[in-house]
Amino acid sequence: MVGNRSKITSSNCAIACLTMQPKIIKVSDASATMEFEGESPIVTEEEVLSILSKKLSRDFDMVEYNLRPLNSTNGFLGLYYELTALVKIDEEATEHKFFLKTQPLKHSPQYEFLVESNHFQKELTMYGKIIPRMKTGKNQASWSAECYLTRDDLIVMDDLSALQYAMPDKYAPFDYNHCAVLLQTLARLHSGSFVIEDKLKSEGKTLFEVYGHVLDEPLFNGSDISRRYRASCVLGTRSLIDLLRDELTEEQRAEFKERVEPWCDNFPAILSPSTKYRNVICHRDLWANNMMLKYDESGNPQHCCLIDLQFARYGTPAIDCVISLHLITDRETRDKHGESLLRVYHRTFEEELRNAGLDARDCLEWSTFLKSCEETKPTALVYAILNQPVTMLDPDTCSEQFIESPELLNESLYNDRSALVCSQFLSVQPYRERITEALLEAYELLPNYVASQL
């Protein structure tokens, strides 16, 4: 899609007077050009100019812009596009890239799930309303990509890959440095939640009163599609436990399955906001493909941005910290560095609140935080064995199951994923290693489910 050469300044209203493009909308692809006659464009020239104005904050000439689908990276709950805009500032040409996310196609199983679970609305609210209120203007380090446009069906933000961020290898467990960078990023997200709480308090409101309608549990709740998803998780986990024939006896496998099921059945209650500890806005789905990292010249991680906020919910900081460590790293790293990494989180949390004029002792005292993390460990163990069998699928299988075939997606997610996850376990070594470790740790450490202890 190519726009006419246009002039815009950050201080005028020229955007509103632009003439819209013809009805033939061109979307560039690596192999072909597709035209959609009579359809509305994914993003208009007026919107592109507005996006550039927000990013550049100065006068510029827009030379052209182009939109192409990112077919290879389309996600489970959205369709992705790259917007490239060529502009001139003082006769010097520069290129700017943006990442666009739209809702999945309406005939797909993802769309039904998206509507029922309110996922896209969560992300719209996070980027459009919540994240802007977290900012204090005091050199605050970012934890997410900068967002320039939210629409009912569209989110436009910086293309992190163009800013030298990369998605980590999901099969490679994070080392200490990678975990530390992630936990610093989580501390910035969670401290921002307390910044909003403080602002709303002056208005006589609470965060959950204002945003609770989009910060409820999005996946493990009481809806019909959620119950089907959870049942599929349980069937898949039970089938994987049965494959641990070299590690566990038949009696041990049977006992393990009996111990796991009550946790799975009661996961909606387990993940509900705490009545014992302070709650914050959590990402709630932090595995390797939901973050991007920037590295220095020596290959050391320097900064992390969290992506895919459609599972955002209200819960304890421990939910994010402990679950993420179980999803991104190995048991050896957790056992050796677990408390040290939590201290990295808490020091960053204190610093961020101090910069915002708040006292961490009033929000999240260290000993209380550490105790909440210990109590969250069973939840993290269960979360890992329910979700990793899907998140660890190899890329080709992900494409086949979640993008190319709605029938396969529906069967794997909402009916019985046993055949899928067992096939991966038997044929993909990195998958088998990560799943085996998660299952054996849960077998060793997961207590019997007792509701009164939550």
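D308 lies in the loop between strands β12 (301-306) and β13 (313-315), where helices (H or I, at least four residues) and strands (E, at least two) are DSSP runs numbered from the N terminus. The model is predicted: local features need pLDDT of at least 70 and side-chain atom pairs count only at pLDDT 80 or more, while totals for chains, interfaces and linings use all residues. Residues are numbered from 1 along each chain as its sequence is written, and side-chain values use heavy atoms, with hydrogens and water left out.

- Most residues other than glycine have a negative phi, and most peptide bonds are trans.
- D308 is not a glycine, yet its phi is positive, at about 55 degrees.
- With 16% relative accessibility, D308 counts as buried, a class that means under 20% relative accessible area, against over 50% for exposed and in between for partly exposed (1.4 Å probe, protein chains only).
- E91 is likewise not a glycine and has a positive phi of about 70 degrees.
- The position of E91 is the loop between β5 (79-89) and β6 (92-102).
- E91 counts as exposed because its relative accessibility is 62%.

- The model has zero disulfides, a disulfide being a pair of cysteine sulfur atoms within 2.5 Å.
- For C282, which is in no disulfide, the nearest cysteine sulfur belongs to C321 and is 8.2 Å away.
- C282 has 1% relative accessibility and is therefore buried.
- C363 also falls in the buried class, because its relative accessible area is 12%.

- Helix α7 (residues 250-265) contains C264.
- The relative accessibility of C264 is 0%, so this cysteine counts as buried.
- Leaving aside residues up to four places away in sequence, C264 touches R230, V234, V382 and L386, where contact means heavy atoms within 4.5 Å.
- C264 and T379 are 115 residues apart along the chain, and their C-alpha atoms are separated by 9.7 Å.

- S144 is placed in the loop between α3 (119-134) and β7 (147-151).
- The contacts of S144, not counting residues up to four places away in sequence, are Y127, I131, C305 and L306.
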